[in-house]
Amino acid sequence: MTGKIVVDFGLCESNGICMGIIPEVFDLDDEDYLHVLSDDVTPENEQQIREAVRQCPRQAISIEESS
Amino acid sequence: MTKPQVVFDPFSDAYFNDPYEIYLRMQDDAPVYYSEEFDFYALTRHADVAAALKDHETYSSTRGCDLAMVQSEEGPQKSIIFMDPPEHRVLRSLVNKAFTPRAIQSQRETVEQLVDHYLAQVDPDNFDVIQDFSGPFPVEVITRMAGVPEEYRQQVRHWIDTSLTREPGNIGYTEAGMQAAIDSGMYYYKLAQERRANPQDDMISRLIAAEIVGEDGQPRKLDDIEIAGFTSLLGGAGAETVTKLVGSAVVTFAKNPEQWQMLLDDRSKVPAAVEEMLRFDGPVHYNVRFTLKDAQLHGTTIPAGKPVFLMKAAANRDPRAFTDAHVFNIDRDRTEAQNLGFGYGIHSCLGAALARLETTIAVERLLDFMPRYEVNWDGLEKVHMQNVAGYHHVPVKVLR
């Protein structure tokens, strides 16, 4: 599948769990703002991104699937 | 002969003494548990609890998060934990920047000083982990952040303890508990008025200055009752939880000394141990929600308008989610399932990073202070409280 990462920044509280799982995609800056470095879900990173979605304590990350 | 039906009475001695046996039977025999006596439902399996915590459109917080509140006619006071979106998001955003893992690092020195201070005063031959150590220090950290003057910080802890206590068989406040809730409310109300007149660099002053969008779409300020309620909640949530987590951990490690030895051998495992402590015997056992619409699970319908216990402590020991769920193992694979010890979704613990920091420092210092210790098992005493579980007394002797 292909898809895009969507972060609800109203929910995100910079816990950084996602960054711990896949720092190539999620990055917290010095001001505690989360940046999605690349929002494409690829076969290579899909498993880790799904793990980040599941483990986010705020449930702030989702994948918008495109068919 | 059919086996007797499992009974979950959240205010009974049987439950206070051994909740985990009851949880296992509920998961196996009654995944959608119904109490005829109290007219509530309870979910215990990990998949069900996690899904319900995410689904605030079905499982609402607006009626409160304990049984007495959800069943009361007038409903709870206005408070962030008794809100659904969008109101919840507005209030949470007023305080959450102070609690991110990065922001909370600014509390490290304070926590270390307090932990060392209390540990230096105990008698290694006989001290009470709860009363002498894990009770006094967390309340100091959070009330200091909130803006409570030093001389009232320990009082806050006693108010919380008294107000959460439930006598077996009784779902509401005890008489002393009601008085403690009133005294604490009055105190915070007065403090809010003082800070309004004379703002300081603390959370209560920031809440006073904050502007939110009201129900009519117009900007408004929080009133003193809202501020008192919010500050009181922070003090409660941020104090007795870590108190119980650390106390229960000392008991768990005494029963699993090889796990304590693993920490002595490798301190880098402390953060993983804190996560396992939270999974294995975390302080918050459940929160109650209120169904806004029918929910279908396992062939049963939970009708709209019912209290539902979401049993996080049961979910965290669900054999369907975790390998050897009833084994305490600091090396376990933490990706197997979400640890629900801090909740999940919009109401997940605001102070999680602070709790992790405090508990990590407490465990590190205890490793230094009591590399070998024994628990006086006869002196152990559990609390009889709603929502939370743990010990009131954990007497310990350091072995030399």
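The legends below describe close-up views of a predicted model. Local features require pLDDT of at least 70, side-chain atom pairs count only at pLDDT 80 or more, and totals for chains, interfaces and linings use all residues. Residues are numbered from 1 along each chain as its sequence is written, while chains are lettered from A and ligands numbered from 1 in the order in which they are written.

**View 1. The elements of chain A.** Two helices and five strands make up the elements of chain A, where helices (H or I, at least four residues) and strands (E, at least two) are DSSP runs, numbered from the N terminus. Their order from the N terminus is β-α-β-β-β-α-β. Along its principal axes, the C-alpha trace of chain A spans about 35 × 20 × 15 Å.

**View 2. The contact of chain A with chain B.** In this interface, 13 residues of chain A are in contact with 15 residues of chain B; two residues are in contact if their C-beta atoms, placed from the backbone, lie within 7 Å.

**View 3. Helices α10 and α11 of chain B.** The axes of α10(B) (residues 153-164) and α11(B) (residues 175-197) come within 7 Å and cross at roughly 140°. Axes are lines fitted to C-alpha atoms, for helices over the stretch in contact, and angles run from 0 to 180 degrees between N-to-C directions. In α10(B), Trp159(B), Thr162(B) and Ser163(B) meet residues of α11(B), among them Ala176(B), Gly177(B) and Asp183(B).

**View 4. Within chain A.** Residues 24 or more positions apart account for 64% of the contacts in chain A with a separation of 6 or more.
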